[in-house]
Amino acid sequence: MEPTIICDELFMRLGDEEVLVLDCRDAMDWERFEIHIPGALRMTASEIARDLSMLPDDELIVLCGTTQDCADIRRICRVLRLRGRNAVCLAGGLHAWVTGGYPTERHARAPSHAHR
(Lines give C-alpha, C1' and ligand atoms only; values in the text may rest on other atoms or scores of the structure.)
Protein backbone atom coordinates (compact mmCIF):
# COMPACT_ATOMS: atom_id res chain seq x y z
CA MET A 1 0.00 0.00 0.00
CA GLU A 2 1.33 3.43 -0.93
CA PRO A 3 1.57 6.19 1.69
CA THR A 4 -1.50 8.41 1.92
CA ILE A 5 -2.51 11.77 3.30
CA ILE A 6 -6.01 12.51 4.58
CA CYS A 7 -8.06 15.49 3.44
CA ASP A 8 -7.80 17.28 6.81
CA GLU A 9 -4.01 17.22 6.65
CA LEU A 10 -3.89 18.38 3.03
CA PHE A 11 -6.34 21.20 3.82
CA MET A 12 -4.03 22.40 6.61
CA ARG A 13 -1.09 22.33 4.18
CA LEU A 14 -2.74 24.08 1.20
CA GLY A 15 -0.64 27.07 0.28
CA ASP A 16 2.55 25.49 1.68
CA GLU A 17 5.23 26.30 -0.87
CA GLU A 18 6.80 22.87 -0.41
CA VAL A 19 3.68 20.90 -1.38
CA LEU A 20 2.42 20.35 -4.91
CA VAL A 21 -0.93 18.67 -5.58
CA LEU A 22 -0.96 16.67 -8.83
CA ASP A 23 -4.45 16.08 -10.21
CA CYS A 24 -4.08 12.97 -12.37
CA ARG A 25 -7.71 12.43 -13.30
CA ASP A 26 -8.40 11.23 -16.81
CA ALA A 27 -9.80 13.66 -19.38
CA MET A 28 -13.36 12.33 -19.09
CA ASP A 29 -13.38 12.77 -15.30
CA TRP A 30 -11.78 16.23 -15.63
CA GLU A 31 -14.55 17.35 -18.02
CA ARG A 32 -17.40 15.75 -16.07
CA PHE A 33 -16.37 17.34 -12.77
CA GLU A 34 -15.27 20.89 -13.57
CA ILE A 35 -13.65 21.45 -10.18
CA HIS A 36 -10.23 20.86 -8.67
CA ILE A 37 -8.37 21.39 -5.41
CA PRO A 38 -7.10 24.99 -5.23
CA GLY A 39 -3.58 25.22 -6.62
CA ALA A 40 -3.55 21.69 -8.05
CA LEU A 41 -1.56 21.02 -11.20
CA ARG A 42 -3.28 18.76 -13.72
CA MET A 43 -0.92 16.17 -15.20
CA THR A 44 -1.57 12.82 -16.83
CA ALA A 45 0.56 9.79 -16.03
CA SER A 46 2.38 10.14 -19.36
CA GLU A 47 3.08 13.84 -18.69
CA ILE A 48 4.49 12.98 -15.27
CA ALA A 49 6.75 10.31 -16.78
CA ARG A 50 7.92 12.70 -19.50
CA ASP A 51 8.27 15.88 -17.39
CA LEU A 52 9.22 14.56 -13.94
CA SER A 53 12.55 16.40 -13.96
CA MET A 54 10.69 19.68 -14.52
CA LEU A 55 8.62 19.35 -11.34
CA PRO A 56 9.88 21.20 -8.26
CA ASP A 57 11.51 19.16 -5.50
CA ASP A 58 8.37 19.45 -3.36
CA GLU A 59 6.28 16.84 -1.61
CA LEU A 60 3.89 15.57 -4.27
CA ILE A 61 0.28 14.83 -3.32
CA VAL A 62 -1.27 12.68 -6.05
CA LEU A 63 -5.02 12.46 -6.43
CA CYS A 64 -7.55 10.71 -8.55
CA GLY A 65 -11.17 11.45 -9.26
CA THR A 66 -14.13 9.30 -8.50
CA THR A 67 -12.93 5.73 -9.06
CA GLN A 68 -13.19 3.57 -5.98
CA ASP A 69 -9.91 1.67 -6.01
CA CYS A 70 -7.58 4.44 -7.29
CA ALA A 71 -5.16 1.74 -8.51
CA ASP A 72 -3.84 3.99 -11.29
CA ILE A 73 -2.97 6.76 -8.84
CA ARG A 74 -1.25 4.34 -6.47
CA ARG A 75 0.79 3.20 -9.49
CA ILE A 76 1.78 6.80 -10.32
CA CYS A 77 2.69 7.41 -6.68
CA ARG A 78 4.79 4.23 -6.61
CA VAL A 79 6.67 5.27 -9.78
CA LEU A 80 7.35 8.73 -8.31
CA ARG A 81 8.69 7.17 -5.11
CA LEU A 82 10.87 4.71 -7.07
CA ARG A 83 12.36 7.72 -8.87
CA GLY A 84 13.30 9.27 -5.54
CA ARG A 85 10.39 11.69 -5.16
CA ASN A 86 8.46 12.27 -1.93
CA ALA A 87 4.95 11.36 -3.11
CA VAL A 88 1.77 10.35 -1.31
CA CYS A 89 -1.77 9.62 -2.45
CA LEU A 90 -4.75 11.65 -1.26
CA ALA A 91 -6.93 9.15 0.61
CA GLY A 92 -10.29 8.95 -1.16
CA GLY A 93 -9.21 11.29 -3.95
CA LEU A 94 -11.33 14.15 -5.19
CA HIS A 95 -14.49 12.37 -4.08
CA ALA A 96 -13.42 12.45 -0.42
CA TRP A 97 -12.30 16.08 -0.79
CA VAL A 98 -15.65 17.22 -2.20
CA THR A 99 -17.85 15.18 0.14
CA GLY A 100 -15.79 16.46 3.08
CA GLY A 101 -16.78 20.02 2.15
CA TYR A 102 -13.25 21.24 1.41
CA PRO A 103 -12.73 24.19 -0.97
CA THR A 104 -12.59 23.69 -4.71
CA GLU A 105 -12.00 25.86 -7.76
CA ARG A 106 -13.74 25.62 -11.09
CA HIS A 107 -11.45 25.07 -14.02
CA ALA A 108 -11.95 26.61 -17.40
CA ARG A 109 -13.28 24.36 -20.10
CA ALA A 110 -11.50 24.24 -23.39
CA PRO A 111 -13.20 26.67 -25.77
CA SER A 112 -15.51 25.00 -28.23
CA HIS A 113 -15.13 26.01 -31.83
CA ALA A 114 -18.28 26.48 -33.87
CA HIS A 115 -18.26 24.88 -37.29
CA ARG A 116 -18.79 27.28 -40.17
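1. Is cysteine 7 buried or exposed? Cysteine 7 is buried, at a relative accessible area of 9%, where buried stands for under 20% relative accessible area, exposed for over 50% and partly exposed for what lies in between (1.4 Å probe, protein chains only).

2. On the basis of this note: the model is predicted, so that local features need pLDDT of at least 70 and side-chain atom pairs count only at pLDDT 80 or more, while totals for chains, interfaces and linings use all residues. Residues are numbered from 1 along each chain as its sequence is written, and side-chain values use heavy atoms, with hydrogens and water left out.

3. The sheet is open and has five strands in the order β1-β6-β5-β2-β4, with parallel pairing; its edge strands, each pairing on one side only, are β1 (4-5) and β4 (41-42). Strands here are DSSP runs of E with at least two residues, helices are runs of H or I with at least four, both numbered from the N terminus, and two strands pair if DSSP finds at least two bridges between them.

4. Strand by strand, β2 (residues 19-23) is joined to β4 by two bridges and to β5 by five, in the parallel sense, while three bridges join β5 to β6, which also run parallel. Leucine 22 stands opposite leucine 41 in β4 and opposite valine 62 in β5, and the bridge partner of isoleucine 61 in β6 is valine 88.

5. How many of the residues of β5 are buried? Five of its five residues are buried, with Glu59, Ile61 and Leu63 on one side and Leu60 and Val62 on the other, so both faces of the strand are covered. In a regular strand the side chains alternate between the two faces of the sheet.

6. Helix α4 (residues 71-82) packs on the sheet and touches β2, β5 (59-63) and β6 (87-90), contact being heavy atoms within 4.5 Å. The direction of α4 makes about 165° with that of β6; axes are lines fitted to C-alpha atoms, for helices over the stretch in contact, and angles run from 0 to 180 degrees between N-to-C directions.

7. The largest nonpolar core holds 16 residues, of which Leu22 and Leu80 touch the most other members; such a core is a set of buried Ala, Val, Leu, Ile, Met, Phe, Trp, Tyr and Cys residues joined through side-chain atoms within 4.5 Å. Two or more residues come from each of β2, β5, α4 and β6, with the largest share, four residues, from α4. A second, separate core of 14 residues includes Leu10, Val21, Ile37 and Val88.

8. Cysteine 89 is itself buried, with a relative accessible area of 5%, and a search of the whole structure finds zero disulfides.

9. The whole structure has two aromatic pairs, where rings of Phe, Tyr and Trp (its six-membered ring) pair if their centres lie within 6.5 Å, and planes under 30 degrees apart count as stacked, over 60 as edge-to-face and the rest as tilted. Phenylalanine 11 and tyrosine 102 form a tilted pair, 5.6 Å centre to centre with 50° between the planes. Phenylalanine 11 is partly exposed at 40% relative accessible area, whereas tyrosine 102 counts as buried at 18%. Ring pairs link Phe11, Trp97 and Tyr102 into a cluster.

Conventions: Disulfide = S-S within 2.5 Å.
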